Amino acid sequence: MRADRVFAYGAAAGLLGDLLLGDPRRGHPVAAFGRAAAAVERVLWRDDRARGALHTAVCAGGAVALGAVAARVVRTSPAASLTLTGAATWAVVGGTSLAREARAVGRALEAGDVEGARARLPHLCGRDPQALDADGIARAVVESVAENTSDAVVGALVWGAVGGVPGLLGFRAVNTLDAMVGHRSPKYLRYGWASARLDDVAGWPGARLTAVLATLAGDDPRGAVRAWRADAAAHPSPNAGPVEASFAGALGVRLGGTLSYGGRVEHRPVLNGTGRAVGIHDVERAVRLSKRVSWLALGVCVAARLIAKGRTS
C-alpha cells in the first residue's frame, strides 16, 4: 500500500478512534512523554537558553526518532503501517477530550453552578477561574476550544500529512514542551524560549488552516474573514490570533480583553469587536464548529497528501 493511502486510512481511523474512545484515563502516551520530558528537565535545567534548546532538541528529536524507527520497522507490512499510523493519530489528537471538558463546563454554567464551572475550568485552560464570572468562564471556554482545535487536532494532521508518524509525534512533542516550559514565568523565560519559538513555527500552518476552515464552516464566513484580517495580528500569539479571531467572527461573538493567568493580569486586544458578548449557549456552538473544522482538516490533509504523491509519481 502506498504511503499516501496509509496516511489517509490510518489518520481517518485514528480520528474516528478519538471520536469513539477519547483519551484513556490512565497511561496516555502524551502523559508518558511529559514525564520523560520532566525527567530530562531535572537533569538539564539552568536559567539559560542554550540548556533549554538542548532540552527541546533531546525531547522533540527523540519523539521524531521514535516515530521514524517505528515506521521503518513496519514499512514492509501495509497492515502494520496502517495500524501504527492510526494509533499515532489517536495518541496525538485530542478533539474528543477537548469537547468533553468544554461541555462539562457548559453544563455547569447552564445549571447555574458557577463554582462547579470554576472547578472544572482548569481541566481546559490555565485561566484563574476565581477571577471570572459565568460570562467570563464561557468566553474562556470558547477561546480555549478555538486555540486547541488547532493545537490538539489540525496541527497534528498537517504534520502527519507532511511527515507521517514522525510528523505526528514530533508535532505533539513540540506542543507539549511549549505547554510545559514555554510560558513566560521567571523560571522558564530563558529555558523555555526554544520550545516556545519552535512551537510557533510548528503551529503556523495548522493555525492558518484552522482559521480558513472555521471561516468556511462557521455561521458567518464574511464576519470571520473580517475579524481575521482586522484583529488577528494584534494578538500576542502569532498562531492563536488568526484562530481565535476567525472563530469569533464565525460565531458572531466578541473574544479577548482582560485575562488573568497565575495571578498575572493581561489586557489583550478585543477580537471581533462588533460581535456580541459570549453567552453560555456559545460553548456548544464552539464545540460543534471545532468538530466540523477537525473533519474538514482531515479531508484537506488527506487530499493534499494524495495530490502531492500523484505529482511525484
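Before the first view, one term: a cavity is a set of grid points where a 1.4 Å probe fits but cannot get out, and its lining residues have an atom within 4 Å of a point. Keep in mind as you look around that this is a predicted model.

View 1. The structure holds 1 cavity of 30 Å³ or more. The volume of the largest cavity is about 130 Å³. Its lining is made up of 13 residues, and those nearest the centre are Asp18, Gly95, Thr96, Lys291 and Ser294. Helix H1 (3-21), helix H5 (95-110) and helix H11 (282-312) are the elements that give two or more residues to this lining. Which helix gives the most to it? That is H11, with 5 residues. Sorted by class, the lining has 7 nonpolar, 4 polar and 2 charged residues.

View 2. Asp47 sits in the loop between helix H2 (29-44) and helix H3 (49-73), while Arg190 sits in the loop between helix H7 (134-181) and helix H8 (193-217), so the pair ties together parts that are 143 residues apart in sequence.

View 3. Now find Glu115 and Arg118, which form a salt bridge whose closest N and O atoms are 2.4 Å apart. Both belong to helix H6 (residues 114-120), and because they are 3 residues apart there, about one helical turn separates them. Glu115 is partly exposed, with 47% relative accessibility. Arg118, at 15%, counts as buried, because buried means under 20% relative accessible area.

**View 4. A buried pair joining a helix and a loop.** Glu143 and Arg127 form a salt bridge, with 2.4 Å between the closest N and O atoms. Glu143 lies in helix H7 and Arg127 in the loop between H6 and H7, so this pair ties together parts that are 16 residues apart in sequence. Both Glu143 and Arg127 are buried.

**View 5. A network of charged side chains.** What links Asp219, Arg276, Asp282 and Arg285? These residues are connected in a network of salt bridges. For the structure, the count comes to 12 salt bridges.

View 6. H2 has 16 residues and reaches 23 Å from its first C-alpha to its last, close to the 22 Å expected at 1.5 Å a residue. Its buried residues are Phe33, Gly34, Ala37, Glu41 and Leu44. Looking down the axis of H2, you will find these buried residues within an arc of 100 degrees, so they line one face of the helix. What does the face turned away from the buried side carry? There you can pick out the exposed residues Arg35, Arg42 and Val43.

**View 7. Pro129 in its loop.** Pro129 is found in the loop between H6 and H7. With a relative accessible area of 15%, Pro129 is buried.

Technical notes. Residues numbered from 1 in each chain as written. Predicted model: local features only at pLDDT ≥ 70, side-chain atom pairs only at ≥ 80, totals over all residues. Heavy atoms only, no water. 1 Å grid on protein atoms, 1.4 Å probe; cavity = no way out; pocket = protein on both sides within 12 Å on 5 of 7 lines; lining within 4 Å. Points joined across faces, edges and corners; volume = space filled by probe spheres on them. Helix = DSSP H or I, 4+ residues; strand = E, 2+ residues; numbered from the N terminus. Nonpolar A, V, L, I, M, F, W, Y, C, P; charged D, E, K, R; others polar. Salt bridge = Lys/Arg side-chain N within 4 Å of Asp/Glu carboxyl O. Buried < 20%, exposed > 50% of the residue type's maximum accessible area, 1.4 Å probe, protein only. Expected span 1.5 Å × (residues − 1). Arc of directions from axis to C-beta.
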